[in-house]
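Hi there,

Here is the structure I promised to pass along. Have a look at it first, and then read on for my notes.

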Amino acid sequence: MRIGILGSGLMGGKLGTVWARAGHEVVFSYSRGKEKLNKVARDARGKARAGTPSEAAKDADVLLLAVHWSRIDDVLKQAGDLSGRVIVSCSLPMNADDTDLVIAHTSSGAEELAKKVPKTRVVSAFGTVPSEVLFDVFESRRKATRPSLVYCGDDSRGKKTTAELIRDVGFDPVDAGSLRIARYTEPFALLVAQLAYEGKGGPRLAYRFERFGE
C-alpha cells in the first residue's frame with residue numbers, strides 16, 4: 001500500500017518506519033523540521049521518503065493521523081481534499097499541556113475527526129500501544145503467539161485496511177466494533193500512556209498491562 005504519515009513524531013515516525021520495512025511505500029510529513037523529516041525517511045529505508053501533507057495524501061491508500069489534537073485542523077488543511085480516503089487515527093484529544101482529555105464520555109476524538117472530514121473512512125487504532133515497543137513487536141511478528149491490538153470504526157473497507165496494517169506491525173487485530181467504542185479506548189490509552197511515561201516500569205510495563213487488559 002501507499003501510506004501517508006500525517007505527523008512524523010514518535011508514533012508516526014515509528015509506525016511509518018515499520019511499514020516501510022514491511023514493504024509499503026511510505027511518505028512522511030508534518031514534523032518539527034525538514035531536516036528531522038528527511039532523517040526519519042532515510043532511517044526507515046525501503047520505499048520511504050519525506051514530503052508535505054498534501055504529497056503524503058496524494059494517491060495514498062491509507063493515511064495515519066498522528067498529531068497533537070491542537071494541530072488536527074492545521075494538518076488536515078495542509079493535506080487537502082481527503083474524500084474517500086482511509087484515515088487511521090491514533091491521536092488522543094489532549095489539552096495543551098497533555099494532562100487530560102478534552103473530549104470524553106459522550107464522544108471521542110475519533111468521532112469528532114469523522115465529523116471534521118465526513119467523506120472519509122475513519123478508524124481508531126494504535127493509540128493504546130506505547131511507541132517504544134513497536135520495533136520489538138515487529139521483529140518478532142512471525143511468532144506463533146502474537147499480542148492483540150484493538151481497533152474500531154464504522155467503515156468496513158477502512159477496518160479491513162487497518163487490520164492488514166496491524167498484522168504487518170506484528171499484532172493480531174481485534175475488531176472492537178463501531179467508532180463510538182473509541183469513547184472507551186481513548187481513556188484507556190491515556191492510562192497506558194501514564195503508566196508508560198510516569199511509572200517506574202516504563203513502556204514495557206504499560207504494554208504488559210494492555211495485553212493483560214485485553
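Predicted model: local features only at pLDDT ≥ 70, side-chain atom pairs only at ≥ 80, totals over all residues.

Residues are numbered from 1 along each chain as its sequence is written, and side-chain values use heavy atoms, with hydrogens and water left out.

The protein chain has 9 helices and 8 strands (DSSP runs numbered from the N terminus, with H or I of at least four residues for helices and E of at least two for strands). Its radius of gyration, taken over C-alpha atoms, is 16 Å, close to the 17 Å from the globule rule for 214 residues, so the chain is as compact as a globular protein of that length. That rule is 2.2 Å times the number of residues to the power 0.38. Along the principal axes, the C-alpha trace spans about 40 × 40 × 35 Å.

Now the spaces. On a 1 Å grid over the protein atoms alone, a pocket is an open set of points with protein on both sides within 12 Å along at least five of seven lines, a cavity is a set where a 1.4 Å probe fits but cannot get out, and lining residues have an atom within 4 Å of a point. Points are joined across faces, edges and corners, and a volume is the space filled by probe spheres set on them.

The largest pocket holds about 1100 Å³. Of its 35 lining residues, Leu10, Met11, Val67, His68 and Asp98 lie nearest the centre. H8 (182-198) and H1 (10-21) each supply at least two lining residues, with H8 giving the largest share, 8 residues.

There is 1 cavity of 30 Å³ or more, and the largest cavity has a volume of about 130 Å³. Its lining has 15 residues, with Ser124, Ala125, Gly127, Thr128 and Thr185 nearest the centre. Strands S6 (121-125) and S7 (148-153), together with H8, each give two or more residues to that lining.

Finally, the axes of H1 and H2 (residues 34-44) come within 9 Å and cross at roughly 35° (lines fitted to C-alpha atoms over the stretch in contact, with angles from 0 to 180 degrees between N-to-C directions). Gly13, Thr17, Ala20 and Arg21 of H1 make the contact with Val40, Asp43 and Ala44 of H2 (heavy atoms within 4.5 Å).

Best wishes
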